[in-house]
Amino acid sequence: MTQISQQPATLTFNGKDYIIQELPPEAQSCLVYMQEIEAEINELNKQLTKQQIAKQGFEGLLGQYIKAHEDMIEEAQEEAEEQEKPAN
């Protein structure tokens, strides 16, 4: 037979355990706000990670575009130098 026990929710604060239902309403409100804030912080951290990854992707693209541009300039300079050489 399975036994189900309903332990009251507890909070450990400054090394001491408290039964949440026995705390004053103001303290319980603080706990609710703290949980909401923690959830928001976690969501913001996820967003930050996504933005950092996106930035890295754009940095990679920027490097590719700059290299392609530099290669094009170098090619054009080499072609111009070839055309300036006298034909033998």
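Lysine 67 and aspartate 71 lie four residues apart in helix H1, so about one helical turn separates them. In this predicted model, local features need pLDDT of at least 70 and side-chain atom pairs count only at pLDDT 80 or more, while totals for chains, interfaces and linings use all residues. Residues are numbered from 1 along each chain as its sequence is written, and side-chain values use heavy atoms, with hydrogens and water left out.

The side chains of lysine 67 and aspartate 71 form a salt bridge, at 3.0 Å from N to O. The term denotes a side-chain nitrogen of Lys or Arg within 4 Å of a carboxyl oxygen of Asp or Glu. Aspartate 71 is partly exposed, because its relative accessibility is 34%; buried means under 20% relative accessible area, exposed over 50%, and partly exposed in between (1.4 Å probe, protein chains only).

By the salt-bridge rule, the count comes to two. Glutamate 59 and lysine 55 also meet in a salt bridge, with 3.7 Å from N to O. These two residues, glutamate 59 and lysine 55, are four residues apart in helix H1 and therefore separated by about one helical turn. Glutamate 59 has 44% relative accessibility and so counts as partly exposed, whereas lysine 55, at 53%, counts as exposed.

Helices (H or I, at least four residues) and strands (E, at least two) are DSSP runs, numbered from the N terminus. The protein chain has a mean pLDDT of 93, and 92% of its residues reach 70 or more.

Technical notes. pLDDT = per-residue confidence, 0-100.
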